[in-house]
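Thanks for coming, everyone. Let me put today's model on the screen, and then we'll walk through it.

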Amino acid sequence: KWFGGKELALSFGITLAFARIGSFGDLILTPLMAKKLGMSFAVWFGTITCGIALASTILAAVSDSVRDRTIAAKEAHKKEPKPKKIPFSAKDIFYFPLSLWLIYIICVLYYIDIFILISMVGTNHLYYKFNIATPTTILSIPYIMSAVLAPICGFGVDKIGKKPLWLAITSAVVVGAYAVLIFAPLIIGDGLAVPIITMILIGFSYSLCAASLWPCVPLLVHEDRVATAYGMMNSIQNLGLAFAGLATGQMSNTCLGGTTFEDPSVPLRQKIACSTRPLYLLWGIGALSFVFCVILYIVD
């Protein structure tokens with residue numbers, strides 16, 4: 001509605017940049033506040049930020065309403081007939097093109113690899129396997145990078161195009177990053193270098209993917225169905241994240257035999273093995289995402 005054509009990727013890149021600043025605050029600032037100033041302060045801080053978000057949403061809705069009325073008043077003086085809107089029907093989703101359904105599949109598979117690693121399995125893996133005392137700092141690297149790179153990637157995608165090709169590249173980079181994260185101790189040795197390198201790769205991939213993936217939707221459906229298409233995309237994404245979170249958590253719990261990573265009786269070797277096991281699943285999901293990117297490229 002607000003952006004179209006050659007502006008789409010850049011607008012999504014800027015949106016992602018602001019969103020990832022919030023993610024960085026969640027990973028770094030909120031735990032620091034809870035530690036230094038108390039849990040109540042951290043919760044109130046989150047409450048205030050939600051209040052700011054609510055006020056911004058109301059302001060955006062009012063501004064959008066004024067804009068719509070202004071445009072409607074200008075068009076009322078024109079003699080050209082207004083284009084008729086297509087009535088909404090839930091059946092419309094069954095007529096979405098194959099390319100859009102491929103975008104949905106790529107979206108859920110790719111974001112499972114990113115979000116489950118950063119928010120769930122990555123913390124224990126970096127802590128026990130690489131002996132990193134503050135793994136959330138390392139895991140925040142993709143968010144910091146995307147806050148800077150996403151608008152730049154969006155501008156580049158708008159200028160060059162070739163979105164399916166960039167999606168395939170981003171998935172391939174994630175697959176390579178997971179391979180390094182899983183097998184690197186046998187090749188390079190542990191320490192800070194391996195996690196930092198993998199997070200930098202993931203940060204680059206994440207920035208480019210957002211600028212290439214989300215702007216595809218308005219190009220594939222009628223403008224009256226864009227909101228429905230995005231709603232489906234978010235629903236499928238969150239459903240996949242929920243099941244992936246349950247699956248990876250169950251894998252770790254089964255490996256630990258009902259105990260927890262914090263249990264001192266569990267040997268370090270077992271903790272490393274149990275924190276690595278979910279990464280194999282995510283590695284396979286990344287490979288599957290790459291396969292669907294190739295299919296999308298062929299279809300496109």
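So, how many helices and how many strands does the protein have? It has 10 helices and 0 strands. Helices here are DSSP runs of H or I, at least four residues; strands are runs of E, at least two; both are numbered from the N terminus. Along the sequence the pattern reads α-α-α-α-α-α-α-α-α-α.

Ground rules. This is a predicted model, where local features need pLDDT of at least 70, side-chain atom pairs count only at pLDDT 80 or more, and totals for chains, interfaces and linings use all residues. Residues are numbered from 1 along each chain as its sequence is written, and side-chain values use heavy atoms, with hydrogens and water left out.

Overall dimensions next. Along the principal axes, the C-alpha atoms fill a box of roughly 80 × 50 × 35 Å. Of the 300 residues, 40% count as buried. Buried means under 20% relative accessible area, exposed means over 50%, and partly exposed is in between, with a 1.4 Å probe and protein chains only.

Now contacts, meaning heavy atoms within 4.5 Å. Take those with a separation of 6 or more: 82% of them join residues 24 or more positions apart.

Areas come from the Shrake-Rupley method with a 1.4 Å probe.

Which helix gives the most to the nonpolar patch? H10, with 8 residues. Helix H6 (163-187) and helix H10 (268-299) each supply at least two. The patch covers about 910 Å², and its members include Leu-98, Leu-165, Ile-169, Leu-288 and Phe-290. Patch residues have over 30% relative accessible area and no salt bridge, and nonpolar side chains are joined within 5 Å. A salt bridge is a side-chain nitrogen of Lys or Arg within 4 Å of a carboxyl oxygen of Asp or Glu.

Leu-288 lies in helix H10. Leu-288 is partly exposed, at a relative accessible area of 41%.

Now Ser-212, in helix H7 (residues 193-213). Is Ser-212 buried or exposed? Buried, because its relative accessible area is 0%. Beyond its neighbours within four places in sequence, Ser-212 is in contact with Val-157, Lys-163, Trp-166 and Leu-167. Ser-212 and Asp-300 sit 88 residues apart in sequence, and their C-alpha atoms are 14 Å apart in space.

That's the tour.

Methods: Patches are made of residues with over 30% relative accessible area and no salt bridge: like charges are joined within 9 Å, nonpolar side chains (Val, Leu, Ile, Met, Phe, Trp, Tyr) within 5 Å.
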